[in-house]
Amino acid sequence: MVLSCPNCKSKDIGKIGVNQYYCWGCFIELSVSKGMVHTHQVEEDGTLSSLDDLFHEDDRQISM
Ligand SMILES: [Zn+2]
């Protein structure tokens, strides 16, 4: 599985949990389910907000 960040295209992705990843390129959280990458921004207060609206589905699909 090749996981790259939909936002910055970086492949410098760290695993932080089950199906959860962190992009060291642009510091967003990525989660993976059903072959789709979901993107989340960590706000200053620690909450996550979804960034999925910013990306086309094609850019969030995982190439196996
Ligand atoms: Zn990134």
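Two residues are in contact if their C-beta atoms, placed from the backbone, lie within 7 Å. Among the contacts in this protein between residues at least 6 apart in sequence, 21% join residues at least 24 apart.

The model is predicted: local features need pLDDT of at least 70, side-chain atom pairs count only at pLDDT 80 or more, and totals for chains, interfaces and linings use all residues. Residues are numbered from 1 along each chain as its sequence is written.

Start with the overall layout. Along the sequence the pattern reads β-β-β-β-β-α. The radius of gyration is 11 Å, close to the 11 Å of the globule rule for 64 residues, so the protein is as compact as a globular protein of that length. That radius is taken over C-alpha atoms, and the rule is 2.2 Å times the number of residues to the power 0.38. The C-alpha trace spans about 35 × 25 × 20 Å along its principal axes.

Now the sheet. Five strands form an open sheet in the order β1-β2-β3-β4-β5, with antiparallel pairing. Two strands pair if DSSP finds at least two bridges between them. β1 and β5 (48–50) stand at the edges with a single partner strand each, so one side of each has no neighbour in the sheet.

β1 and β2 (residues 20–23) pair in the antiparallel sense over four bridges. Glycine 14 stands opposite tyrosine 22 in β2. The two strands form a hairpin with two residues between them, and asparagine 19 in the turn has a positive phi of about 60°. Further in, five bridges join β3 (residues 29–33) to β4 (residues 36–42), again antiparallel. In this pair, serine 31 stands opposite histidine 38 in β4.

How much is buried? Buried residues make up 9% of the 64 residues. A residue is buried if 20 or more other C-beta atoms lie within 10 Å of its own, exposed if 12 or fewer, and partly exposed in between; C-beta atoms are placed from the backbone. Of the five residues of β1 (residues 13–17), the number buried is zero, so this strand lies largely in the open.

Two further backbone details deserve a look. Lysine 9, in the segment before β1, has a positive phi of about 65° although it is not a glycine. Phenylalanine 27, in the loop between β2 and β3, has a positive phi of about 60° and is not a glycine either. Phenylalanine 27 counts as exposed, because it has 11 C-beta neighbours inside 10 Å.
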